[in-house]
Amino acid sequence: MRIYVHPLPVRIWHWTNALGFVALILTGVQIRYVDLIGLLSFRDAVHLHNAIGFVLIANFFLWLLFYLFTDKIRVYHPELDPEKHFRASFRQLRYYGYGIFKGDPNPHHLSVYEKFNALQSMTYQIIMLLLVPLQFVTGVLLWDLKRFSGMVDFFGGVRVVDTVHVLLFIFFTAFVFLHPYLASLGHTTFGHFRAMLTGYEEVEEAPGPQKD
Amino acid sequence: MACEAPAVDEIRRILSTAALALAVGWSGGTIAADAPAALAEADQACLACHAQEGLAKTFGKGESVSLHVQGEAFARSVHSALGCSGCHSEVDLKTHPGGGKTFATAREFSIAQAGACRQCHEDAFEQHKASVHAARIEQGSALAPTCTGCHGFHTVTPKTAYETCVTCHAAALAAHRQWLPNAALHHEVVSCAACHAPKALRMVDLRFFDRATKRWVVEAAGAQTFGKLAGAVDADGNGLDPAELASLLKQVNPDAAALPKTLRGRIELRSNVEAHGLAAKETAIKACDSCHQAGAEPFQNVTVSMTGPDGRPVRHAAQKQVLDSPLAVASLPEFYAIGGTRSRLLDLLFLAALVAGVGFPIGHLTLRWIFRKGKGR
């Protein structure tokens with residue numbers, strides 16, 4: 001059966017974010033390694049990087065406002081039970097690292113309010129509420145260091161701000177490779193990709209509460 | 001010499017001449033209120049007349065050049081030790097005022113006076129001769145600066161090139177904002193000549209800044225502590241390495257609770273003399289990657305400095321590794337230039353992220369394939 005798990009605003013946010021992050025990484029690599037790569041001039045890469053960054057900041061608020069003002073926020077916390085959440089995360093991790101090779105079934109059962117497995121839910125919250133905002137803040141500070149000199153000093157100086165920005169860039173670079181691969185581990189290789197386009201996921205059984 | 005006109009000025013001129021004669025003939029006489037004791041007696045004698053406000057040299061078409069000298073300011077200038085005759089050796093006291101070469105215009109006089117600077121600053125003079133400023137003078141520009149246009153007359157003190165340049169080029173920042181990202185920051189941390197003297201060699205100067213007073217740290221007169229301290233820390237004399245720089249910072253900041261004196265970096269010319277060879281703006285460096293790439297020329301030479309009591313920097317060499325070492329996050333939190341100070345450690349982490357990002361899916365997929373094959377058998 002088909003269930004509607006990705007509302008339109010989420011899909012718009014997701015694909016804008018996906019394309020934007022890839023573009024930010026590519027222009028970021030061009031800016032940082034201008035001596036090794038010559039696809040764009042340094043100045044063009046900086047201007048493009050800045051422009052895409054601001055688009056993604058606006059896009060972030062689309063995501064934030066959607067979840068803040070709809071009940072869909074429950075997808076991140078189906079049950080406010082940290083112990084259960086960590087146990088489920090560990091079970092999911094064990095599935096990816098061991099069970100999947102033996103042909104075990106995915107321990108996560110998808111439903112409208114449980115579209116993320118516990119590992120995704122935790123990871124995405126860290127990414128969306130901590131890492132992405134931190135990347136945006138450091139990016140905006142670096143965009144105009146004079147204007148934000150007070151905040152730059154508060155964070156410990158331009159090198160500290162830049163080092164945080166680069167460390168997050170390194171993390172997101174790994175993420176853009178890992179994320180599509182993990183997305184291919186659904187019930188079919190392209191099932192999750194199709195769902196992020198149409199909004200509908202194919203599930204094998206009627207959605208129900210997740211069993212421990 | 002044709003001094004300011006009518007009767008009062010004429011009387012003043014006569015009195016001044018008399019005072020000059022007295023001063024020259026009668027050493028030890030106190031002559032003018034604006035004649036600081038720090039100056040030599042001969043200079044004080046000159047100030048007997050030249051300390052008077054309004055004293056001026058006039059030319060045709062109503063042009064005039066002030067001959068007024070502020071004694072106190074001159075005493076504080078870098079040239080005070082030279083005395084008046086150091087630059088004005090052409091003045092013959094037997095005929096002064098009134099003798100000497102005559103000039104048709106103030107501009108002609110100003111250009112001729114540059115010869116006095118040349119006596120000591122021949123190298124800078126030669127650079128200036130090949131500059132866009134000299135070319136404009138040659139073309140008859142009334143605005144292009146001679147030596148005094150940038151450095152002033154009798155109050156020459158160390159000041160930043162930026163302060164000097166924007167005196168005339170007031171619209172420079174607005175013009176740079178049209179194309180240069182972070183233009184205001186570039187104007188703060190890159191010397192104008194670093195881009196506008198494109199053939200000159202550049203360097204990074206890391207200067208002590210006091211975060212408590214929000215000013216450059218200025219060494220107390222006679223202390224000379226920075227030079228000694230840096231020399232002691234750099235015991236092997238091969239320039240401060242990253243660990244030595246961290247040690248120097250600790251010694252400059254003995255009170256860990258106080259706001260620290262930090263190092264702020266600037267791109268400057270290795271030789272200030274070359275700052276006089278400013279080229280036409282069309283030939284100025286506009287390519288960002290001349291600085292913003294690993295191994296860029298300005299980042300190959302590094303100095304650590306503190307402003308000396310006279311305003312000039314006291315410098316000590318540092319190794320270029322201080323800029324991209326992992327220790328730089330703590331030692332140089334306020335200096336970073338994309339590419340130029342790129343950290344190798346972060347490069348390795350980026351490489352590791354790429355390997356992990358590509359390698360994990362391939363490895364995981366391979367394991368799945370192997371297990372599925374095994375199960376099939």
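User: Does H4(A) pass H6(A) in a left-handed or a right-handed crossing?

Analyst: Happy to start there, keeping in mind that this is a predicted model. The two helices are H4 (residues 118-143) and H6 (residues 158-183) of chain A, and their axes are 9 Å apart. The crossing of H4(A) past H6(A) is left-handed.

User: How many nonpolar residues are in the contact of H4(A) with H6(A)?

Analyst: H4(A) contributes residues including A:Leu131, A:Leu134 and A:Thr138. From H6(A) come, among them, A:Val161, A:His165 and A:Phe171. By class, the contact has one charged residue, four polar ones and, for the nonpolar count, eight.

User: Let's move to chain B. How many Å apart are the C-alpha centres of domain 1 and domain 2 of chain B?

Analyst: Domain 1 of chain B covers 7-151, while domain 2 covers 171-344. Nine residues of domain 1 are in contact with eight of domain 2. The distance between the C-alpha centres of these two domains of chain B is 36 Å.

User: Which element gives the largest share of the side of domain 1 of chain B that touches domain 2?

Analyst: Two helices of chain B each give two or more residues to that side: H6 (122-129) and H7 (132-138). The side holds four nonpolar, four polar and one charged residues. Its largest share, four residues, comes from H6(B).

Methods. Residues numbered from 1 in each chain as written. Chains lettered and ligands numbered in written order. Predicted model: local features only at pLDDT ≥ 70, side-chain atom pairs only at ≥ 80, totals over all residues. Domains from an automatic or database assignment. Contact = placed C-beta atoms within 7 Å. Nonpolar A, V, L, I, M, F, W, Y, C, P; charged D, E, K, R; others polar. Axes fitted to C-alpha atoms, helices over the stretch in contact; angles between N-to-C directions. Left-handed = near helix turned anticlockwise from the far one by under 90°.
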